[in-house]
Amino acid sequence: MSRFDHVAPDALFKQLERATPEDSLPAVSTLLAAVRFNADGLIPAIAQQHDTNEVLMMAWMNLEALEETLTTRRVCYYSRSREKLWRKGESSGQQQQLISAALDCDGDTLLLQVEQTGPSCHTGRRSCFYIAVDGEQASITSNPLIDPDDLYGKKT
């Protein structure tokens, strides 16, 4: 039994602000019911390589993708362009295995610690964050590990 069990979903993350590691939390289903999905029913999910802390990518999850990820430990996102679930690596083979997941303090962003197989970016790069910008100029910080045509098959 958790002291947070009877907190309304819209107040749960506010109540968790003063929680400590010694507190018992409500069931995961209760926490997921309190997640603050946007108007489209999505939450941003940041994927980070678990052993190097390298930020790999950001994608979107709906509740179904989040539940599937937590259950199967294979990361699943929601593709806004295809309007369907997207299991990372289903066409490229470059999968993400979930090591851990954490919600931020507001319950509106998810951080995934993952084991990434190969590149995470559709450009063939390890990370999607390869365009550095500053006040004066932009630069490319990494080369593709795999040609995107080889990664996804050349489209005709």
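This is a predicted model: local features need pLDDT of at least 70, side-chain atom pairs count only at pLDDT 80 or more; totals for chains, interfaces and linings use all residues.
Colleague: Let us begin with helix 3. Which residues of helix 3 are buried?

Modeller: The buried residues of helix 3 are Ala65, Leu66, Glu68 and Thr69. They lie on the same side of helix 3, because the arc they cover around the axis is only 165°.

Colleague: And what do the buried residues of helix 3 pack against?

Modeller: Their partners are helix 2 (28–34), strand 2 (55–61), strand 3 (76–79), strand 4 (84–87), strand 5 (96–103) and strand 6 (110–116).

Colleague: Where does Thr71 lie?

Modeller: Thr71 lies in helix 3, which covers residues 63–72.

Colleague: Is Thr71 buried or exposed, then?

Modeller: Thr71 counts as exposed, because its relative accessibility is 66% and the cut-off for exposed is over 50%.

Colleague: How many residues apart in sequence are Thr71 and Leu112?

Modeller: They are 41 residues apart in sequence, and their C-alpha atoms are 14 Å apart in space.

Colleague: What is found at the start of helix 3?

Modeller: There, a side-chain oxygen of Asn62 comes to within 3.2 Å of the backbone nitrogen of Glu64.

Colleague: Which residue follows helix 3?

Modeller: Arg73 follows helix 3, and the phi of Arg73 is positive, near 70°.

Colleague: A change of topic. Which residues does UniProt list for "binding site"?

Modeller: The UniProt entry, which is unreviewed, lists Asp104, Asp106 and Asp108 under that heading.

Colleague: Where does Asp104 lie?

Modeller: Asp104 lies in the loop between strand 5 and strand 6. Asp106 also lies in the loop between strand 5 and strand 6.

Colleague: Leaving aside neighbours within four places in sequence, which residues is Asp104 in contact with?

Modeller: On that basis, Asp104 is in contact with Phe13 and Thr109. With neighbours within four places in sequence likewise left aside, Asp106 is in contact with Phe13 and Arg36.

Colleague: One last point. What lies 3.0 Å from the backbone nitrogen of Gly107?

Modeller: A polar atom of the side chain of Asp104 lies at that distance from the backbone nitrogen of Gly107.

Note on methods: Residues are numbered from 1 along each chain as its sequence is written. Side-chain values use heavy atoms; hydrogens and water are left out. Helices (H or I, at least four residues) and strands (E, at least two) are DSSP runs, numbered from the N terminus. Buried means under 20% relative accessible area, exposed over 50%, partly exposed in between (1.4 Å probe, protein chains only). The arc is that of the directions from the helix axis to the C-beta atoms. Contact means heavy atoms within 4.5 Å. A polar contact is a pair of N or O atoms within 3.5 Å; within protein, one must be able to donate a hydrogen and the other to accept it, and residues adjacent in sequence count only if both atoms are side-chain atoms. UniProt positions are given in the numbering used here, feature names are shortened, and annotations may be inferred rather than shown by experiment.
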